[in-house]
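We will go stop by stop.

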Amino acid sequence: MRFDRNIVFGDVSCDFTQRLSIICGANGSGKTTLMKILSGLVNPTSGKITYTPGIANIRIGFDSPYIHLYPDLTVREIMDFFSRLKRIEKYDLREWELHKIRHKKYKNLSSGFKQRVKLAQAFLGNPDLLLLDEPEQHLDEGGKNLLKEKLSQREKMIIVSTNNPESEQKIVLWL
Amino acid sequence: MFSGFRLLFAKEIMTLTRGKSIFGVSLGIAFVLSFAVSMPLAEVALDPTVIATLIWTILFFSTIGVHLGSFTVEENQGTYDLLKLATSPTAIFMSKVAANTILMLVIGLVCIPLMVLWLGVDVVVLPTVLLVSIIGCLCLSLSEGFIGYLLSKARVGEVAAPIILLPVVLPILVSLIIITSSVLEKGTISINLVVVIVSLSLAILVASLLFLPMLEEWL
């Protein structure tokens, strides 16, 4: 992958077949770019990604630190909007303990709760592929436990990128 | 192609009316209206061309920042990527254009009758002026939207975008001013210019529908 003349990363070849895959790398190593490529948002400069089944049939949940949701909408409005856009009939704010702040505007939330809303949005409707770029960022212990619980409950594919892997995690790709 | 359009449109209206930009819109309207109101008080009779210019100044400049900004902000805050995962770029584009057209028309519905009445123009021409404003708002929104989309992809800042846009929309604005002043003065519409404006709108619409998915891949 290249931006102008700078090569971000190259010679990457990997099969994501496990339920949980971890991509690890230092700041600027191209983790977010790779996540965007995997989601189909960005085309690689060269190379190919094959999805089974095709990308048109895959529902993708995505979260990354560069994403900031609509500041003037409330938590409830943001979740309503994304659930209806993804054609999901029901969701529960209690799952991410967001029910108490549902009337608060996104811009007035703490960084930790902003991250919870973003994660809740990514998990909406149990997508076939969940791409989480540094999902633990800004989360407190409670938030991290919720995230771990949600990740362990999921049966579909999850790809997580981090620069701070825990020792028990098996890293699939090191950028 | 238009899946989620209604939902995106509702979201656009909510974000347009709640953000800080709505204060800018109100300020712009207040400024031009106060100018229009002060003229009769100073016993200055305004030329129809000046009145037409004032009308289009309100409609264009009160919304340009909001409209162009909506593309740039969506791109900068990363929500454009989230929308793209759930719907098509065409639906996102059209929802923004539709929301901006509605915003312009609401401003027009408030300001145009006030200005026409206050500046002593014959009330008979009001429906025709409003009809011209509908066509003009749609054309301006489409062209602003298309350029705004391209500029947001090119990562041009919110401040620089209107300056880059101005030469592109200036011929449309001048045509609209000529059409409106002719309506205000003689009560007649210059059909040739209306045809030009409508053709231009259709051309931008077709170009958007055809090329947006391709540009999305390329940019």
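Select A:His138 to begin. In this predicted model, A:His138 counts as partly exposed because 16 other C-beta atoms lie within 10 Å; a buried residue would need 20 or more. You will find A:His138 in the loop between strand 5 and helix 4 of chain A. Check its backbone: phi of A:His138 is near 70 degrees, a positive value in a residue that is not glycine.

Now pick A:Glu134. A:Glu134 sits in the loop between strand 5 (129–133) and helix 4 (141–153) of chain A. Its phi is positive, about 45 degrees, and A:Glu134 is not a glycine. Is A:Glu134 buried or partly exposed? It is partly exposed, because it has 18 C-beta neighbours inside 10 Å.

Next, move to the core. Select A:Ile78, A:Val117, B:Ile55, B:Trp56, B:Leu59 and B:Met115. Of the 85 residues in the largest nonpolar core, these touch the most other members. Helix 5 (residues 89–118) of chain B gives the most to this core, with 13 residues.

Zoom in on B:Trp56. Beyond its neighbours within four places in sequence, B:Trp56 is in contact with B:Leu173, B:Leu176, B:Ile177 and B:Thr180.

Last stop: show helix 5 of chain B with helix 6 (residues 126–153) of chain B. The two pack at an angle of about 145 degrees, with their axes 8 Å apart. Their crossing is right-handed. By class, the contact has 15 nonpolar, six polar and two charged residues. Colour some of them: B:Phe93, B:Met104 and B:Ile112 are among those on helix 5 of chain B, while helix 6 of chain B brings residues including B:Leu130, B:Cys137 and B:Tyr149.

Notes: Residues are numbered from 1 along each chain as its sequence is written. Chains are lettered from A and ligands numbered from 1 in the order in which they are written. This is a predicted model: local features need pLDDT of at least 70, side-chain atom pairs count only at pLDDT 80 or more; totals for chains, interfaces and linings use all residues. A nonpolar core is a set of buried Ala, Val, Leu, Ile, Met, Phe, Trp, Tyr and Cys residues joined through C-beta atoms within 7 Å. A residue is buried if 20 or more other C-beta atoms lie within 10 Å of its own, exposed if 12 or fewer, and partly exposed in between; C-beta atoms are placed from the backbone. Helices (H or I, at least four residues) and strands (E, at least two) are DSSP runs, numbered from the N terminus. Two residues are in contact if their C-beta atoms, placed from the backbone, lie within 7 Å. Axes are lines fitted to C-alpha atoms, for helices over the stretch in contact, and angles run from 0 to 180 degrees between N-to-C directions. A crossing is left-handed if the near helix is turned anticlockwise from the far one by less than a right angle, and right-handed if clockwise. Ala, Val, Leu, Ile, Met, Phe, Trp, Tyr, Cys and Pro count as nonpolar, Asp, Glu, Lys and Arg as charged, and the others, Gly among them, as polar.
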